[in-house]
Amino acid sequence: MGELRGVIFDVDGTLAETEDAHRVAFNRAFSELGFGWQWGRLLYRELLWVAGGKERLIHYWRTYQPAVLEREDPQALAARIHEAKSRHFAAMLEQGAVPLRPGAKRLLAELGEAGIRLALATTASRATVEALVLADLGPEGISRFAAIGAGDCVPAKKPAPDVYRWVLERMGLAAGDCLAIEDSENGLKSARGAGLEVVITLSTYTDGQDFRGARAVLSDLGEPDHPMRVISGSAGRKRWVDVELLRRWHEQAVRSEG
Ligand code: XBP
Ligand code: MG
(Lines give C-alpha, C1' and ligand atoms only; values in the text may rest on other atoms or scores of the structure.)
(Ligands and ions follow the chains in the order given, each with its own letter.)
Protein backbone atom coordinates (compact mmCIF):
# COMPACT_ATOMS: atom_id res chain seq x y z
CA MET A 1 0.00 0.00 0.00
CA GLY A 2 1.86 3.05 -1.20
CA GLU A 3 0.81 6.50 -2.40
CA LEU A 4 -2.71 7.31 -3.59
CA ARG A 5 -2.76 6.45 -7.31
CA GLY A 6 -6.45 6.00 -8.09
CA VAL A 7 -9.89 7.15 -6.92
CA ILE A 8 -12.95 5.13 -7.86
CA PHE A 9 -16.31 6.93 -7.80
CA ASP A 10 -19.71 5.34 -7.43
CA VAL A 11 -22.26 7.00 -9.74
CA ASP A 12 -25.83 7.05 -8.47
CA GLY A 13 -26.10 9.10 -5.32
CA THR A 14 -22.38 9.95 -5.36
CA LEU A 15 -21.55 11.77 -8.61
CA ALA A 16 -25.14 12.98 -8.87
CA GLU A 17 -28.41 12.71 -6.96
CA THR A 18 -29.89 10.46 -9.64
CA GLU A 19 -32.15 8.13 -7.72
CA ASP A 20 -35.30 10.21 -7.75
CA ALA A 21 -34.83 10.70 -11.48
CA HIS A 22 -34.49 6.91 -11.83
CA ARG A 23 -37.70 6.50 -9.83
CA VAL A 24 -39.59 8.97 -12.07
CA ALA A 25 -38.14 7.27 -15.16
CA PHE A 26 -39.41 3.89 -13.96
CA ASN A 27 -42.89 5.38 -13.42
CA ARG A 28 -42.89 6.95 -16.89
CA ALA A 29 -41.89 3.60 -18.39
CA PHE A 30 -44.72 1.83 -16.50
CA SER A 31 -47.23 4.37 -17.88
CA GLU A 32 -45.79 4.23 -21.42
CA LEU A 33 -46.09 0.43 -21.48
CA GLY A 34 -49.56 0.44 -19.96
CA PHE A 35 -48.75 -0.89 -16.50
CA GLY A 36 -50.61 0.66 -13.56
CA TRP A 37 -47.67 0.53 -11.15
CA GLN A 38 -46.27 3.73 -9.63
CA TRP A 39 -43.27 3.73 -7.26
CA GLY A 40 -43.47 6.35 -4.48
CA ARG A 41 -40.40 7.57 -2.58
CA LEU A 42 -41.03 5.35 0.47
CA LEU A 43 -41.36 2.17 -1.62
CA TYR A 44 -38.36 3.17 -3.77
CA ARG A 45 -36.17 3.63 -0.65
CA GLU A 46 -36.94 -0.04 0.15
CA LEU A 47 -36.51 -1.26 -3.44
CA LEU A 48 -33.11 0.47 -3.66
CA TRP A 49 -31.64 -2.22 -1.43
CA VAL A 50 -31.69 -4.29 -4.61
CA ALA A 51 -28.94 -2.93 -6.87
CA GLY A 52 -29.57 -2.86 -10.59
CA GLY A 53 -32.75 -1.60 -12.24
CA LYS A 54 -33.67 -4.94 -13.85
CA GLU A 55 -33.04 -6.88 -10.65
CA ARG A 56 -35.07 -4.27 -8.77
CA LEU A 57 -38.07 -4.82 -11.09
CA ILE A 58 -37.99 -8.59 -10.58
CA HIS A 59 -37.68 -8.11 -6.81
CA TYR A 60 -40.73 -5.79 -6.92
CA TRP A 61 -42.84 -8.39 -8.77
CA ARG A 62 -41.75 -11.18 -6.45
CA THR A 63 -42.61 -9.07 -3.39
CA TYR A 64 -45.66 -7.07 -4.48
CA GLN A 65 -46.95 -8.35 -7.85
CA PRO A 66 -46.46 -12.15 -7.85
CA ALA A 67 -49.19 -12.62 -10.46
CA VAL A 68 -46.88 -10.95 -13.01
CA LEU A 69 -44.42 -13.84 -12.65
CA GLU A 70 -47.12 -16.33 -13.61
CA ARG A 71 -47.96 -14.66 -16.91
CA GLU A 72 -44.68 -13.09 -18.05
CA ASP A 73 -41.04 -14.10 -18.47
CA PRO A 74 -39.55 -11.82 -15.78
CA GLN A 75 -36.16 -11.39 -17.51
CA ALA A 76 -37.77 -10.43 -20.84
CA LEU A 77 -40.30 -8.08 -19.22
CA ALA A 78 -37.61 -6.47 -17.04
CA ALA A 79 -35.43 -5.90 -20.11
CA ARG A 80 -38.36 -4.31 -22.02
CA ILE A 81 -39.30 -1.99 -19.16
CA HIS A 82 -35.66 -1.16 -18.41
CA GLU A 83 -35.06 -0.13 -22.01
CA ALA A 84 -38.00 2.32 -21.82
CA LYS A 85 -36.92 3.52 -18.39
CA SER A 86 -33.36 4.21 -19.58
CA ARG A 87 -34.78 6.24 -22.47
CA HIS A 88 -36.85 8.37 -20.06
CA PHE A 89 -33.84 8.76 -17.73
CA ALA A 90 -31.60 9.89 -20.61
CA ALA A 91 -34.26 12.42 -21.67
CA MET A 92 -34.29 13.87 -18.15
CA LEU A 93 -30.50 14.16 -18.22
CA GLU A 94 -30.59 15.97 -21.55
CA GLN A 95 -32.97 18.49 -19.98
CA GLY A 96 -30.33 19.12 -17.30
CA ALA A 97 -32.55 17.56 -14.64
CA VAL A 98 -29.67 15.78 -12.87
CA PRO A 99 -26.63 17.99 -12.15
CA LEU A 100 -23.48 16.67 -10.46
CA ARG A 101 -23.43 16.89 -6.66
CA PRO A 102 -21.42 19.61 -4.87
CA GLY A 103 -17.68 19.09 -5.27
CA ALA A 104 -17.88 16.26 -7.82
CA LYS A 105 -16.85 18.24 -10.90
CA ARG A 106 -14.14 20.16 -8.99
CA LEU A 107 -12.64 17.03 -7.36
CA LEU A 108 -12.60 15.08 -10.63
CA ALA A 109 -10.65 17.94 -12.23
CA GLU A 110 -8.24 18.29 -9.28
CA LEU A 111 -7.54 14.55 -9.23
CA GLY A 112 -6.87 14.56 -12.97
CA GLU A 113 -4.48 17.51 -12.62
CA ALA A 114 -2.67 15.65 -9.81
CA GLY A 115 -2.15 12.66 -12.12
CA ILE A 116 -4.40 10.40 -10.01
CA ARG A 117 -6.30 7.89 -12.12
CA LEU A 118 -10.11 8.05 -12.13
CA ALA A 119 -12.65 5.26 -12.49
CA LEU A 120 -16.36 4.60 -12.05
CA ALA A 121 -17.89 1.56 -10.34
CA THR A 122 -21.67 1.36 -10.48
CA THR A 123 -24.53 -1.10 -10.69
CA ALA A 124 -26.27 1.26 -13.09
CA SER A 125 -26.28 0.20 -16.73
CA ARG A 126 -23.54 1.43 -19.07
CA ALA A 127 -26.09 3.40 -21.09
CA THR A 128 -27.23 5.17 -17.92
CA VAL A 129 -23.66 6.05 -16.96
CA GLU A 130 -22.72 7.29 -20.43
CA ALA A 131 -25.81 9.50 -20.57
CA LEU A 132 -24.99 11.04 -17.17
CA VAL A 133 -21.30 11.62 -17.98
CA LEU A 134 -22.17 13.13 -21.39
CA ALA A 135 -24.80 15.44 -19.88
CA ASP A 136 -22.69 16.62 -16.93
CA LEU A 137 -19.06 16.31 -18.11
CA GLY A 138 -19.45 16.78 -21.85
CA PRO A 139 -18.36 14.67 -24.84
CA GLU A 140 -14.78 14.31 -23.52
CA GLY A 141 -16.01 13.20 -20.07
CA ILE A 142 -15.92 9.47 -20.66
CA SER A 143 -12.24 9.57 -21.74
CA ARG A 144 -11.22 10.91 -18.32
CA PHE A 145 -11.93 7.55 -16.70
CA ALA A 146 -9.31 4.79 -16.87
CA ALA A 147 -12.09 2.24 -16.29
CA ILE A 148 -15.89 2.23 -16.08
CA GLY A 149 -17.40 -0.77 -14.31
CA ALA A 150 -21.14 -0.61 -14.98
CA GLY A 151 -24.23 -2.82 -14.85
CA ASP A 152 -23.86 -6.29 -16.29
CA CYS A 153 -20.05 -6.19 -16.71
CA VAL A 154 -19.94 -8.45 -13.66
CA PRO A 155 -22.38 -11.23 -12.73
CA ALA A 156 -22.84 -10.19 -9.10
CA LYS A 157 -23.78 -6.55 -8.40
CA LYS A 158 -23.18 -4.53 -5.23
CA PRO A 159 -22.88 -5.35 -2.32
CA ALA A 160 -20.75 -8.05 -3.97
CA PRO A 161 -17.16 -6.76 -4.52
CA ASP A 162 -17.06 -7.86 -8.17
CA VAL A 163 -17.44 -4.47 -9.85
CA TYR A 164 -14.68 -2.89 -7.75
CA ARG A 165 -12.37 -5.84 -8.42
CA TRP A 166 -13.18 -5.56 -12.12
CA VAL A 167 -12.31 -1.83 -12.13
CA LEU A 168 -9.06 -2.29 -10.16
CA GLU A 169 -7.91 -4.93 -12.61
CA ARG A 170 -8.53 -2.62 -15.57
CA MET A 171 -6.85 0.29 -13.83
CA GLY A 172 -3.84 -1.95 -13.23
CA LEU A 173 -3.80 -0.83 -9.60
CA ALA A 174 -3.98 -2.60 -6.26
CA ALA A 175 -6.79 -1.80 -3.81
CA GLY A 176 -4.17 -0.44 -1.43
CA ASP A 177 -3.21 2.28 -3.92
CA CYS A 178 -6.78 3.55 -4.27
CA LEU A 179 -9.79 5.01 -2.45
CA ALA A 180 -13.49 4.61 -3.23
CA ILE A 181 -16.17 7.28 -2.85
CA GLU A 182 -19.66 5.91 -2.30
CA ASP A 183 -23.11 6.88 -0.97
CA SER A 184 -24.72 3.61 0.16
CA GLU A 185 -24.26 0.70 2.55
CA ASN A 186 -24.34 -1.67 -0.43
CA GLY A 187 -21.58 0.37 -2.07
CA LEU A 188 -19.52 0.47 1.12
CA LYS A 189 -19.74 -3.32 1.45
CA SER A 190 -18.80 -3.80 -2.20
CA ALA A 191 -15.74 -1.55 -2.04
CA ARG A 192 -14.58 -2.83 1.37
CA GLY A 193 -15.01 -6.38 0.05
CA ALA A 194 -12.53 -5.49 -2.69
CA GLY A 195 -10.08 -4.21 -0.05
CA LEU A 196 -10.65 -0.50 -0.65
CA GLU A 197 -10.76 2.37 1.82
CA VAL A 198 -14.10 4.15 1.45
CA VAL A 199 -15.30 7.72 1.92
CA ILE A 200 -19.11 8.07 2.12
CA THR A 201 -21.12 11.08 0.96
CA LEU A 202 -24.72 10.65 2.17
CA SER A 203 -27.46 10.90 -0.45
CA THR A 204 -31.22 11.40 -0.31
CA TYR A 205 -32.00 7.70 -0.12
CA THR A 206 -29.08 6.46 1.99
CA ASP A 207 -29.09 8.57 5.16
CA GLY A 208 -29.51 6.30 8.18
CA GLN A 209 -27.76 3.30 6.62
CA ASP A 210 -24.89 1.49 8.37
CA PHE A 211 -21.56 3.04 7.35
CA ARG A 212 -19.29 1.33 9.91
CA GLY A 213 -15.95 0.66 8.22
CA ALA A 214 -15.93 3.91 6.23
CA ARG A 215 -12.85 6.18 6.64
CA ALA A 216 -15.22 9.18 6.84
CA VAL A 217 -18.94 9.92 6.39
CA LEU A 218 -19.73 13.35 4.91
CA SER A 219 -22.81 15.28 3.83
CA ASP A 220 -21.18 15.71 0.41
CA LEU A 221 -17.75 16.50 -1.12
CA GLY A 222 -18.21 20.20 -0.34
CA GLU A 223 -17.22 23.39 -2.13
CA PRO A 224 -15.54 26.56 -0.82
CA ASP A 225 -18.97 28.23 -0.84
CA HIS A 226 -20.77 25.06 0.27
CA PRO A 227 -18.83 23.57 3.23
CA MET A 228 -19.37 19.85 3.84
CA ARG A 229 -20.62 18.47 7.15
CA VAL A 230 -18.40 15.75 8.68
CA ILE A 231 -20.70 13.13 10.20
CA SER A 232 -17.94 10.70 11.19
CA GLY A 233 -14.17 10.47 10.74
CA SER A 234 -11.86 13.48 10.76
CA ALA A 235 -11.21 16.10 8.09
CA GLY A 236 -9.18 18.45 10.33
CA ARG A 237 -9.86 22.04 9.30
CA LYS A 238 -10.91 21.10 5.76
CA ARG A 239 -14.36 22.23 4.69
CA TRP A 240 -14.37 20.41 1.35
CA VAL A 241 -12.72 17.25 -0.01
CA ASP A 242 -9.59 17.94 -2.05
CA VAL A 243 -6.63 15.85 -3.19
CA GLU A 244 -4.65 16.63 -0.04
CA LEU A 245 -7.46 15.37 2.22
CA LEU A 246 -7.89 12.18 0.16
CA ARG A 247 -4.10 11.60 0.40
CA ARG A 248 -4.32 12.15 4.18
CA TRP A 249 -7.12 9.59 4.54
CA HIS A 250 -5.16 7.17 2.35
CA GLU A 251 -2.03 7.62 4.51
CA GLN A 252 -4.13 6.96 7.66
CA ALA A 253 -5.25 3.71 6.05
CA VAL A 254 -1.67 2.79 5.14
CA ARG A 255 -0.54 3.42 8.73
CA SER A 256 -3.48 1.49 10.23
CA GLU A 257 -2.71 -1.46 7.94
CA GLY A 258 0.68 -1.52 9.69
C1 XBP B 1 -27.44 2.52 -8.13
C2 XBP B 1 -28.27 1.45 -8.67
C3 XBP B 1 -28.77 1.53 -10.07
C4 XBP B 1 -29.71 2.71 -10.24
C5 XBP B 1 -30.58 2.55 -11.46
O6 XBP B 1 -26.17 2.27 -8.69
O7 XBP B 1 -28.48 0.47 -7.97
O8 XBP B 1 -29.48 0.33 -10.32
O9 XBP B 1 -30.59 2.74 -9.10
O10 XBP B 1 -29.75 2.40 -12.59
P11 XBP B 1 -24.81 2.84 -7.98
P12 XBP B 1 -30.08 1.20 -13.62
O13 XBP B 1 -25.17 3.54 -6.68
O14 XBP B 1 -23.97 1.60 -7.77
O15 XBP B 1 -24.26 3.78 -9.01
O16 XBP B 1 -31.58 1.19 -13.80
O17 XBP B 1 -29.32 1.53 -14.88
O18 XBP B 1 -29.57 -0.04 -12.92
MG1 MG C 1 -24.71 4.81 -5.21
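Helices (H or I, at least four residues) and strands (E, at least two) are DSSP runs, numbered from the N terminus. The model is a predicted one, so local features need pLDDT of at least 70 and side-chain atom pairs count only at pLDDT 80 or more, while totals for chains, interfaces and linings use all residues. Residues are numbered from 1 along each chain as its sequence is written, chains are lettered from A and ligands numbered from 1 in the order in which they are written, and side-chain values use heavy atoms, with hydrogens and water left out.

The magnesium ion (ligand 2) is held by D10 (OD), D12 (O) and D183 (OD), at 2.1 to 2.2 Å. Donors here are N, O and S atoms within 2.8 Å of the metal (3.2 Å for Na, K and Ca), and as water is not among the atoms, sites may look incomplete. Along the sequence, the donor residues follow the spacing D-x1-D-x170-D. Distant parts of the chain are linked this way: D12 belongs to the loop between β1 (6-9) and α1 (19-32), D183 to the loop between β4 (178-182) and α9 (185-193), and 171 residues separate the pair. Both D12 and D183 are buried, a word that stands for under 20% relative accessible area, with exposed meaning over 50% and partly exposed anything in between (1.4 Å probe, protein chains only).

V11 is also in the loop between β1 and α1. With a relative accessible area of 2%, V11 is buried.

Next come the aromatic rings. Rings of Phe, Tyr and Trp (its six-membered ring) pair if their centres lie within 6.5 Å; planes under 30 degrees apart count as stacked, over 60 as edge-to-face and the rest as tilted. Searching the whole structure turns up twelve aromatic pairs. One of them joins Y60 and Y64, a tilted pair with 5.9 Å centre to centre and 35° between the planes. Both residues sit in helix α3 (residues 53-64), four residues apart, or about one turn of the helix. Y60 is buried at 5% relative accessible area, whereas Y64 is partly exposed at 38%. Ring pairs also tie F26, F30, F35, W37, W39, Y44, Y60, W61, Y64 and Y205 into a cluster.

How do α1 and α3 lie relative to each other? Their axes come within 13 Å and cross at roughly 60°, the axes being lines fitted to C-alpha atoms, for helices over the stretch in contact, with angles that run from 0 to 180 degrees between N-to-C directions. The two helices are therefore oblique to each other: angles under 35 degrees count as roughly parallel, over 145 as roughly antiparallel, 65 to 115 as roughly perpendicular and the rest as oblique. The crossing of α1 and α3 is right-handed, as the near helix is turned clockwise from the far one by less than a right angle.

Charges meet rings as well. The charged end of K85 sits over the ring of F89, 5.3 Å from its centre, and R170 lies over the face of W166, at 3.8 Å from the ring centre. Such a charge counts if NZ of Lys or CZ of Arg is within 6 Å of the ring centre and within 35 degrees of the ring normal.

The loop between β3 (147-149) and α8 (162-171) holds P159, which a cis peptide bond joins to K158, with omega about 10°. Back at G151, the residue is buried, with a relative accessible area of 4%. The C-alpha atoms of G151 and E130 are 12 Å apart, with the residues 21 apart along the chain.

A194, in the loop between α9 and β5 (197-201), counts as buried at 12% relative accessibility. R5, found in the segment before β1, is partly exposed at 35% relative accessible area. R5 and L173 are 7.7 Å apart, C-alpha to C-alpha, and 168 residues apart in sequence.
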